Amino acid sequence: MLTDKYTRPRNLHAFEIAIFCALGLEADAMIALFDDIWDQEEQYKKGPGDTNSYTFGRIHQHPVVLVHMPRMGKASASSVAASLRSSFPYIRVGFLVGICGGVPFSGCGKQEIILGDVIISTHIVPSDFGRLYPHTFVRKNSLLDNLGRPSPEIGGFLSKLQGQAAQTGVKDSMRADLRLSEYPGASKDRLFEAGYSHKHAVITTCTVCAQCTHPQDDVCAEALNSSCADLGCDSSRVVPRARIQRMNTENYRASSYCPAIHFGGLASGDQVIKSASHRDQIAKREGVIGFEMEGAGLWDMIPTIVVKGVCDYADSHKGKDWQIYASATAAACAKGMLQIWRGSVRRMEDRSDEEHSVPSPTHQIFSGNFTAGRNMYNGGTFTAESINF
């Protein structure tokens, strides 16, 4: 049962944290970790012109509002952020939580990112904003064309998160929240050589794929929408990696496994990257470690931290097998981060006033102590129909 300490806020002014999810599976993973869900829409009235759909609840000590984005991409993210401001005037931070493509090697090959790992943004690069020439694409990179650095509050929080004490706390929280999530297995985490195209392995199967000898060559439409198993992708072209080899040989326990957390830049654009060569070129040029599609739309609208689980390697072999698990790791990491985030004095005072104040009398003066009745909701089992507004 809820205690007075965590009573549902009376109005939207108490909400300082917004969580943005572009896909239904991302939202489902995040909502599953809410400590309470407040699903009575009539209590919270949206501001004029606000077209967003929300789920309200609590994570740790924080009232949070989850924004259900209607579609992927920067424009959708920017639109929902603008609408959010008309209803929630005191939002201090937005968490963009979901899945992304990861750069398998960075830092001169010293840093390995594997599927299920989590990337936390230190900065965002608008990777598809620029000029397309016949021979190449050149990103606009002037001071006015780039996104700004994180706010001092976000920058300080990210610095704290990278400390040993905070890392230990977040990972302990993640292990607890991932106990019921099924890890697909290190044996299913396969990174193919960057120059090896996703195509029919048997030459006689397809004449188009038979002529594909370089990454820039065409493959057939069937290959674009088929899995590696269906096409017979050559396992001998899988890149060996130290982390995967250790996990395969040390007989680790999946129940105690915790994905690694990486801090770095994320490329944000409306293009889904399915090319290892382009992935590596952009990563080297921009110094990013992952690819996603909404961060650039939020970054200048709301102080934002992007938390994304790696579900593929942004290459032609990418599939959807890891999306559910990667959504779960991102959600678990975001919840662990919220355990460290501290609310403002203003919100605490507002909640205190809500809990202890009573309407001003109109014709008679009273003295003494009063207890106001409250309607409280216990978060429990929920369905998609009951949590979407």
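Guide: A salt bridge here is a side-chain nitrogen of Lys or Arg within 4 Å of a carboxyl oxygen of Asp or Glu. Please note that this is a predicted model.

Visitor: How many salt bridges does that rule give?

Guide: The count comes to 14 salt bridges. In one of them, the side chains of R58 and D36 meet at 2.7 Å, N to O. This pair links distant parts of the chain, with R58 in strand β3 and D36 in strand β2, 22 residues apart.

Visitor: Is R58 buried or exposed, and why?

Guide: R58 counts as buried because its relative accessible area is 10%, and buried means under 20%. D36 is also buried, at 5% relative accessibility.

Visitor: What about R175 and D172?

Guide: Their side chains form a salt bridge at 3.1 Å, N to O. Both residues lie in helix α4, 3 residues apart, which is about one turn of the helix. R175 is partly exposed at 33%, and D172 is partly exposed at 44%.

Visitor: Which residues are linked in a network of salt bridges?

Guide: E16, R92 and E153 are linked in such a network.

Visitor: Changing topic, which residues touch the most other members of the largest nonpolar core?

Guide: Of its 87 residues, I19, F20, M30, L84, F95 and I305 do. Helix α11, residues 323-340, gives the most to this core, with 11 residues.

Visitor: What does I305 touch, leaving out residues up to four places away in sequence?

Guide: Its contacts include V93, F95, I120, F157 and M337.

Technical notes. Residues numbered from 1 in each chain as written. Predicted model: local features only at pLDDT ≥ 70, side-chain atom pairs only at ≥ 80, totals over all residues. Heavy atoms only, no water. Core = buried A, V, L, I, M, F, W, Y, C linked by side-chain atoms within 4.5 Å. Buried < 20%, exposed > 50% of the residue type's maximum accessible area, 1.4 Å probe, protein only. Helix = DSSP H or I, 4+ residues; strand = E, 2+ residues; numbered from the N terminus. Contact = heavy atoms within 4.5 Å.
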